[in-house]
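Please look over the structure shown here. My notes follow as numbered points.

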Amino acid sequence: MQNAKILVVDDETHIVELVKFNLEKEGFRVAVAYDGQCALEMVNDAPPDLILLDIMLPQMDGLEVCRTLKQHSEYKTIPIIMLTAKGEEIDTILGLEMGADDYIKKPFSPREMVARVKARLRALRILKAEKAMGKIAYVFKELTVVPEKYEAFIGEEKLELTPKEFELLRLMASNQGKVFTREVLLEKVWGYEFSGDTRTVDVHIRHLRQKLGDDSTYPDYIETVRGVGYRFVEGQAKS
């Protein structure tokens, strides 16, 4: 993974140099483009393993570059991490809708940037391996869920989940956006109908959120639907 090739696309020289230095320090090979058109030409000449792509670019903006690549059968699986400035929330959402895998807001720490790159590459490797074996893996932001192996990862870190926590995560991750009542979760995960106290579900969800590093107020993964139950936040999942 450390020998992977990363294409950095940004027209701000100081950001390019910062990103390049920190990626090369981790053993990655780095190519650089300063505008969108050049980025597409470089991908066509030698596809990278991952692209760090700024939104505001000359010639062709990052959103158009992302859209073009994700529509191309040969390049659509290349992970793209968007680099966004404050105030570009709408563009960030558009980028994710066009198929971008993640985003990092400027200014960002080099450590966070490297961690995001490693997480995306690891997730891609898992997806390719599972697909080759005819298995399924789900990837959301930094979370990777591998149902066949009963394993889940946040970035490089394997989560230590109890069987029930994993079943809750697997069920919701494979049905993103679907709302599950506590009663339905009890039936599907615990295997029996339960009348009365459903607090066991809340306790398990709370523990699962803690292990995911999820914020119950602004969740990345598990959202509370007030008065109903829970759902996995809809996003750009790959399986």
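**Notes on the sheet and its helices**

1. Helix H3 (residues 62–70) lies across S3 and S4 and runs at about 170 degrees to S4. Contact means heavy atoms within 4.5 Å. Helices (H or I, at least four residues) and strands (E, at least two) are DSSP runs, numbered from the N terminus. Axes are lines fitted to C-alpha atoms, for helices over the stretch in contact; angles run from 0 to 180 degrees between N-to-C directions.

2. This is a predicted model: local features need pLDDT of at least 70, side-chain atom pairs count only at pLDDT 80 or more, and totals for chains, interfaces and linings use all residues. Residues are numbered from 1 along each chain as its sequence is written, and side-chain values use heavy atoms, with hydrogens and water left out.

3. The open sheet has five strands, ordered S2-S1-S3-S4-S5, with parallel pairing (two strands pair if DSSP finds at least two bridges between them). S2 (29–33) and S5 (102–105) each have a single partner strand, so one side of each is left without a neighbour in the sheet.

4. S4 (residues 80–84) and S5 run parallel, joined by four bridges. Ile-81 stands opposite Asp-102 in S5.

5. Helix H2 (residues 36–45) lies across S1 (5–9), S2 and S3 (50–54). Its direction is about 140 degrees to S2.

6. The axes of H2 and H3 come within 9 Å and cross at roughly 25 degrees. H2 and H3 are therefore roughly parallel to each other (angles under 35 degrees). Gly-36, Leu-40 and Val-43 of H2 meet Val-65, Thr-68 and Leu-69 of H3.

Terms used
Angles under 35 degrees count as roughly parallel, over 145 as roughly antiparallel, 65 to 115 as roughly perpendicular and the rest as oblique.
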